[in-house]
Amino acid sequence: NSQSFKSSSLTNTSSEDMNDDITNDQSINQSTNNQSKSVPEQIFPPLTISHVKEQYIEYINTSHLYWDIFPHERVIDNINKDNDNKVINNNKYKDREKPKSLDELRSIPYPVPPKPSMPPYYPIAYRKLLELQVLLPSIYLSVDQVIRLLKYFPIEGYLRVQVFQSVFSHIVDLKNIYLIIEELFTSDEYEEACHRMGILNLFDPMRVDRFYALDLRRREYREWCKILIQLAIVEPGENWVDESYRYGRYDDPISGWILPNTWTQPDSDNYGEGGPRHFGWLTLTYRSEGFGCAPNIPLRQQLRKKTLIGFK
């Protein structure tokens with residue numbers, strides 16, 4: 001992908017010129033000014049490599065791998081001692097921070113990778129992204145056009161996700177957006193797009209068959225969990241496959257866990273404790289085909305109104 005970007009029509013800059021750009025703290029204008037005389041001069045503000053590095057570092061630091069705006073996850077503490085030093089079960093909860101040591105990181109299901117350095121072609125690609133943002137107010141795109149556009153940009157640095165963010169409000173057929181997030185994006189880009197834009201803006205109740213890892217501390221993830229529960233209740237067959245629940249991301253799943261009845265109730269029931277929990281991680285695969293399963297189209301169309309796709 002990086003090679004196709006270097007040789008694409010988005011830039012005529014050679015790899016040697018690109019290397020010159022990233023070794024000097026100079027304006028990136030010099031590598032783009034001669035490419036298109038028909039583009040307004042306003043898309044060439046002063047932009048140095050230092051500016052681009054700052055943007056890259058900030059974007060990576062706030063990516064789904066390293067950014068967590070929610071409180072510490074909670075884990076159940078079943079082992080407590082009374083005054084006589086006897087072990088008792090009282091199912092209390094406590095906050096837990098993320099693991100700190102490398103040994104602990106290696107033992108958890110979701111290890112945090114090291115932060116990557118900025119790719120050498122990132123400044124040129126980012127320059128093209130800024131040019132695209134200047135032109136966007138006057139154009140609207142179909143999903144097929146967005147896919148062709150994204151293929152010009154490299155995967156590294158979440159550049160394709162950044163382009164997707166920029167053009168998202170100009171997409172005219174959001175019902176086909178699954179072609180981007182499910183079929184074009186890598187799993188890492190998929191997670192980043194959900195992190196940046198929210199699953200209620202990206203997911204479609206008409207197309208729910210996939211694997212899910214839902215952090216129930218996030219309101220939108222919890223709301224999507226409620227959609228999956230409604231579908232599982234009404235649609236026939238065994239819709240939830242390999243479901244599991246853990247109190248925190250770094251905990252083992254609860255053995256033999258199945259969907260509790262309280263999760264199917266409105267949030268106002270059970271003294272305000274109805275519905276899915278407000279913490280923990282739920283993983284499952286939803287299916288609506290085969291094994292006696294069948295989609296309920298009227299219900300899915302009704303649930304669509306709870307997402308952005310149902311409004312556009």
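Author: A disulfide is a covalent bond between the sulfur atoms of two cysteines. This model is a predicted one.

Reader: What about Cys194, buried or exposed?

Author: Cys194 has a relative accessible area of 3%. The cut-off for buried is under 20%, so Cys194 counts as buried.

Reader: And Cys225, buried or exposed?

Author: Cys225 is buried too, with a relative accessible area of 0%.

Reader: Back to Cys194. Which helix is it in?

Author: Cys194 is in helix H9, residues 187–197. The buried residues of that helix are Glu189, Tyr190, Glu192, Ala193, Cys194, His195 and Met197.

Reader: What do the buried residues of H9 pack against?

Author: Their partners are helices: H3 (49–61), H7 (159–167), H8 (178–181), H10 (199–202) and H11 (219–234).

Reader: What comes just after H9?

Author: Gly198, which takes a positive phi of about 90°.

Reader: Changing topic: strands. What order do they take in the open sheet?

Author: The order is E5-E7-E6, three strands in an open sheet with antiparallel pairing. Strand E5 (211–215) and strand E6 (240–246) are the edge strands, each pairing on one side only. From one strand to the next, the twist averages 10°.

Reader: How many bridges join E5 to E7?

Author: Five, and the two strands run antiparallel; E7 covers residues 281–286. Within E7, Leu282 stands opposite Leu214.

Reader: Which helix packs on the sheet?

Author: H11, which touches E5, E6 and E7. The direction of H11 makes about 135° with that of E5. H11 is also among the helices that the buried residues of H9 pack against.

Reader: One more spot. Where does Thr264 lie?

Author: In the loop between E6 and helix H12 (269–272).

Reader: Why is Thr264 called partly exposed?

Author: Because the relative accessible area of Thr264 is 33%, and partly exposed is the class between under 20% for buried and over 50% for exposed.

Reader: Which residues does Thr264 touch?

Author: Leaving out residues up to four places away in sequence, Thr264 touches Ile229, Ile233 and Leu259.

Reader: What lies 2.6 Å from a polar atom of the Thr264 side chain?

Author: The backbone oxygen of Asn261.

Reader: And how many residues apart in sequence are Thr264 and Pro276?

Author: They are 12 residues apart in sequence, and 7.5 Å apart in space, C-alpha to C-alpha.

Note on methods:
Residues are numbered from 1 along each chain as its sequence is written. This is a predicted model: local features need pLDDT of at least 70, side-chain atom pairs count only at pLDDT 80 or more; totals for chains, interfaces and linings use all residues. Side-chain values use heavy atoms; hydrogens and water are left out. Buried means under 20% relative accessible area, exposed over 50%, partly exposed in between (1.4 Å probe, protein chains only). Helices (H or I, at least four residues) and strands (E, at least two) are DSSP runs, numbered from the N terminus. Contact means heavy atoms within 4.5 Å. Two strands pair if DSSP finds at least two bridges between them. Axes are lines fitted to C-alpha atoms, for helices over the stretch in contact, and angles run from 0 to 180 degrees between N-to-C directions. A polar contact is a pair of N or O atoms within 3.5 Å; within protein, one must be able to donate a hydrogen and the other to accept it, and residues adjacent in sequence count only if both atoms are side-chain atoms.
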